[in-house]
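Trainee: Before I use these labels, I want to see what backs them. Can we go through them one by one?

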Amino acid sequence: MTSEIIAEASPTRKTTYAELVKRREKMLAPTWAQDWPNLAVIRAEGIYLQGLDGKRYMDFMSGFGVVSVGHNHPSVIAAAREQMEKQVHGAVGVTLHESALRLAEMLPEILPGRMDMFFFGNSGSEAVEGCIKLARNVTKKPGIIAFTGAFHGRTYGAASLTASKAVYRTQLGPFLSDVYHVPFADVYHSSHPDDPEKCVNEAIGSLETVLKRLIAPSQVAAIIVEPIQGEGGYIVPPKTFLQRLREICSREDILLIFDEVWTGFGRTGEWFAAQAFDVIPDVMAVGKGIASGFPLSAVCARNELMSRWEPTVHGTTFGGNPISCAAAIATIQTIQDEKLLANTKRVGEHLLRRLKELKGKYSVVGDVRGIGLMTALELIEPDSDRAPNPSAGKKVLNEALSKGLLMYPCGLYGQAIRIAPPLITNTSQIDEAISILDRSLATI
Ligand SMILES: Cc1ncc(COP(=O)(O)O)c(C=O)c1O
């Protein structure tokens, strides 16, 4: 954003975009604050962001998958405000508070396999850390198997599992030991794009080989997988892939962990992707959309497993913050009251249909994929065999942003555009976004 239009930064101060960038460059670590597009926002409501430049933007990445029921949903804000007036902080263990307990009572109603015991944290990475600590502590086994293309977060354990881009691992090692990466069933990028089952067989074959040649199943605590890879490119695997992972885990007494940090809380049109794929994991990491903007995450499992995690082996100061838990309760209630799962399915199908029209119209669009409101457009070199085209991706993203639509890249080269609006989005808003996307694609 380059606009110099002066707007209200606060009731008492005015600022420009150039001034914000100068302050950012001086004070915020470049490793953190360089992400595209650094849009200066002064207000957010529903699916919209109000830019410092005076323009309105449609937020079609939901604040990185966080604002499931939209920005500043009145019910979520009211619940958080009410809780804030009663109690802001209460380190669980030192004190007990109603909102964490109430949330823990609600979650089994929506989780797969009626998971009924929880560890609340602050971020997705913290939930992933918790999952692998739980798995190792309970099974007394060291091995963790993860997938190429996976993104599980930035803390050391989570980064050790992450294999979506080498840059996330550059000059950081040594990583956690006994972590093995095997191929994900990424059909579109495989050598069998028209034969999903062949791709599944190959991915499962590689896993079985690792279990024979590198680490015996008796030494593997867990297999951790994103049911749909997010940062890796919004890769939707065939159902049979996840079902076969379940079979292997049950056969070999290995815990199956689903990282549902992106896919959870209605994103796929079910509460969780596990339900969309009919696969029940043993442990789940959830975060992002759980509290529609407030920091909260959870490790979820059934009591029989979670209660074997030895006391005080793990902990947190801020996890299960009363305000975040109150916001999570309101988020779940809003998804129920406003029938947002059904909306996500219906609007998501409409979105996918409209994206497929764009694929038919532009040869630069190589693939369209997704479930619910977690969809992506893959850009390729026209007339090539799926050669990634990140520069076209960047152009489309910039063009769309200038027309008021915020989306974000994903995939190994940034060649895919993720389209993941809040669950409250309606079909006419989708049509407005598709029209912007259409006009943006037409410019390249
Ligand atoms: C699937 C997945 N797991 C974990 C994380 C890490 O979450 P956080 O950034 O909240 O630590 C992310 C973040 O994008 C994610 O997409």
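**Labels and their grounds**

Mentor: Start with Ser-324, which lies in helix 12 (residues 322-337). This is a predicted model, where local features need pLDDT of at least 70, side-chain atom pairs count only at pLDDT 80 or more, and totals for chains, interfaces and linings use all residues. Residues are numbered from 1 along each chain as its sequence is written, and side-chain values use heavy atoms, without hydrogens and water.

Trainee: Why does Ser-324 count as buried?

Mentor: Buried means under 20% relative accessible area (1.4 Å probe, protein chains only), with exposed over 50% and partly exposed in between. Ser-324 has 2% relative accessibility, so Ser-324 counts as buried.

Trainee: Which residues is Ser-324 in contact with, leaving aside neighbours within four places in sequence?

Mentor: Ala-291, Phe-294, Pro-295 and Leu-296. Contact means heavy atoms within 4.5 Å.

Trainee: What makes helix 13 roughly parallel to helix 15?

Mentor: The axes of helix 13 (residues 340-361) and helix 15 (residues 427-442) cross at roughly 20° and come within 10 Å. Angles under 35 degrees count as roughly parallel, over 145 as roughly antiparallel, 65 to 115 as roughly perpendicular and the rest as oblique. Therefore helix 13 is roughly parallel to helix 15. By class, their contact has eight nonpolar, two polar and five charged residues.

Conventions. Axes are lines fitted to C-alpha atoms, for helices over the stretch in contact, and angles run from 0 to 180 degrees between N-to-C directions. Helices (H or I, at least four residues) and strands (E, at least two) are DSSP runs, numbered from the N terminus. Ala, Val, Leu, Ile, Met, Phe, Trp, Tyr, Cys and Pro count as nonpolar, Asp, Glu, Lys and Arg as charged, and the others, Gly among them, as polar.
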